[in-house]
Amino acid sequence: MAAENSKQFWKRSAKLPGSIQPVYGAQHPPLDPRLTKNFIKERSKVNAVPLKNKKASSFHEFARNTSDAWDIGDDEEEDFSSPSFQTLNSKVALATAAQVLENHSKLRVKPERSQSTTSDVPASYKVIKSSSDAQLSRNSSDTCLRNPLHKQQSLPLRPIIPLVARISDQNASGAPPMTVREKTRLEKFRQLLSSHNTDLDELRKCSWPGVPREVRPVTWRLLSGYLPANTERRKLTLQRKREEYFGFIEQYYDSRNEEHHQDTYRQIHIDIPRTNPLIPLFQQPLVQEIFERILFIWAIRHPASGYVQGINDLVTPFFVVFLSEYVEEDVENFDVTNLSQDMLRSIEADSFWCMSKLLDGIQDNYTFAQPGIQKKVKALEELVSRIDEQVHNHFRRYEVEYLQFAFRWMNNLLMRELPLRCTIRLWDTYQSEPEGFSHFHLYVCAAFLIKWRKEILDEEDFQEEYV
């Protein structure tokens with residue numbers, strides 16, 4: 001019965017069950033599109049079956065929709081119908097195969113050359129282009145120099161993602177220019193944000209799969225509740241809240257040297273240099289001073305919890321996002337002394353208020369004995385026991401307590417486990433959820449455990465992982 005259904009599907013859906021597609025891989029070099037086209041033409045002549053014209057099936061629609069993922073677009077100017085392409089002999093085929101192998105051997109060498117050239121450039125805190133940008137420009141020039149006869153014989157080189165990628169960008173480092181879909185999404189955001197009263201429900205819906213870099217600062221201000229939905233009130237609100245923050249600085253910051261605040265300030269002062277130590281941006285003295293002010297003012301305004309290690313990490317995504325509003329290039333290497341005093345004050349105040357809004361929802365994570373974290377770890381344990389009992393029982397068999405690995409996940413919101421650029425993207429979704437940082441975060445943690453369940457089940461000695 002199944003065989004008959006399958007047969008009927010192909011009879012109903014296509015002239016031929018499938019089609020010849022280029023195969024990319026080490027053992028199968030890319031086919032010459034002209035040879036492929038000839039082969040399909042010859043085969044269609046031999047196996048031609050007269051069929052009625054019917055509406056394309058869902059399979060063909062799927063194929064058409066996904067083919068653009070592999071379409072480089074280099075064959076638009078080629079004319080495969082010319083007579084010169086109709087007579088290909090074995091010599092031409094052998095020559096084409098030799099050219100393919102030669103191109104592949106050249107492509108293996110190019111990344112090494114590009115890495116060596118970029119390593120010779122001296123490091124600087126000035127605004128610079130990331131290594132991935134340079135790689136992209138080289139790739140485009142290399143493509144132009146290739147023999148036009150073999151434009152589609154290999155996919156374009158993937159840009160090399162550095163250890164610390166462009167954290168200010170919503171995509172991974174070296175992302176290509178925006179697609180039509182991305183431009184459409186950006187326009188949708190701009191329409192929402194420019195309306196007289198922004199529809200926050202619609203904004204959350206659009207932000208869930210990620211916020212475009214260009215509109216992320218204002219979107220985060222709105223989603224965090226820092227900015228009002230009414231556009232006419234936003235300018236005055238920003239001005240008032242920024243003045244209020246610097247009023248706190250004048251009123252309280254000098255008290256950091258007083259005896260009852262010395263311990264708090266000392267711990268903040270110790271933790272700040274440990275914040276993202278691999279990113280030059282956060283090692284600049286001016287940035288560290290900004291972080292110290294933000295954390296100290298928050299701590300003395302929230303005496304129930306005060307400052308707790310881990311809160312320092314929660315400032316960084318907001319700082320980077322609001323800094324990207326003034327910087328178009330790499331944020332990670334940017335020298336903040338190039339910004340005006342007003343710009344720095346705006347970034348600092350906005351980071352403080354948005355972090356405060358976030359912590360309002362999870363403050364019990366940082367009060368005495370951290371009961372919020374205890375509850376969330378227990379909830380994670382119950383969740384995993386229901387969705388993957390095998391992983392849960394494996395932890396129990398080897399006496400692994402969820403608190404051993406999940407405490408930091410809750411305390412730092414996975415910021416020690418993920419690159420900062422990924423955290424920023426994740427927070428797009430968190431801020432789109434009504435209780436993203438408190439409840440949705442649990443499901444993200446559970447998803448991590450399920451994602452690496454095979455490695456977890458293969459592990460028997462967990463103790464050395466926590467030494």
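Is lysine 375 buried or exposed? Lysine 375 is exposed, at a relative accessible area of 59%; exposed means over 50% relative accessible area, buried under 20%, and partly exposed in between, with a 1.4 Å probe and protein chains only. Lysine 375 sits in helix H14, and its C-alpha is 9.1 Å from that of asparagine 365, 10 residues away in sequence.

The model is predicted: local features need pLDDT of at least 70, side-chain atom pairs count only at pLDDT 80 or more, and totals for chains, interfaces and linings use all residues. Residues are numbered from 1 along each chain as its sequence is written, and side-chain values use heavy atoms, with hydrogens and water left out.

The average pLDDT of the protein chain is 75, and 62% of the residues score at least 70; pLDDT is the predictor's confidence in each residue, from 0 to 100. Residues 43-60 stay under 50, and the model has 11 contacts for them beyond four places in sequence, a contact being heavy atoms within 4.5 Å. Residues 62-88 are also below 50 in pLDDT, with 30 contacts in the model beyond near neighbours in sequence.

The protein chain contains 19 helices and 0 strands. These elements are DSSP runs numbered from the N terminus: helices are H or I with at least four residues, strands E with at least two. Of the 467 residues in the chain, 41% are buried. Among contacts between residues at least 6 apart in sequence, 73% join residues at least 24 apart. The chain exposes about 27200 Å², of which carbon and sulfur atoms supply 53%; the areas come from the Shrake-Rupley method with a 1.4 Å probe, and for residues only the protein chains shown count as cover.

Helix H14, where lysine 375 lies, spans residues 371-387. Its 17 residues reach 25 Å from first C-alpha to last, close to the 24 Å expected at 1.5 Å a residue; the expected span is 1.5 Å times one less than the number of residues. Gly372, Ile373, Lys376, Val377, Leu380, Leu383 and Val384 are the buried residues of H14. They are on the same side of H14 because they cover an arc of only 130 degrees around the axis, the arc being that of the directions from the helix axis to the C-beta atoms. In an α-helix there are 3.6 residues a turn, so residues three or four places apart point the same way. Lys375 and Arg386 are exposed on the other side of H14. The buried residues of H14 pack against helix H15 (389-397), helix H16 (402-411) and helix H18 (436-451).

Helix H12 (316-323) is largely enclosed by the rest of the structure, because 8 of its 8 residues are buried. The buried residues of H12 are Thr316, Pro317, Phe318, Phe319, Val320, Val321, Phe322 and Leu323. Their cover includes helix H8 (216-223), H11, helix H13 (341-362) and H17.

The loop between H11 and H12 holds histidine 302, which counts as buried at 12% relative accessibility. Beyond four places in sequence, histidine 302 is in contact with Asp360 and Gln363. Histidine 302 and glutamine 363 are 61 residues apart in sequence, with their C-alpha atoms 9.2 Å apart.

The largest nonpolar core has 93 residues, among which Leu281, Met355 and Trp427 touch the most other members. Such a core is a set of buried Ala, Val, Leu, Ile, Met, Phe, Trp, Tyr and Cys residues joined through side-chain atoms within 4.5 Å. Beyond four places in sequence, the contacts of tryptophan 427 include Pro317, Phe318 and Leu413.

Leucine 413 lies in the loop between H16 and helix H17 (420-430). Leucine 413 is buried, at a relative accessible area of 1%, and its phi is positive, near 55 degrees. Most residues other than glycine have a negative phi. Glutamate 399, in the loop between H15 and H16, also has a positive phi, of about 55 degrees, but glutamate 399 is exposed, with a relative accessible area of 63%.
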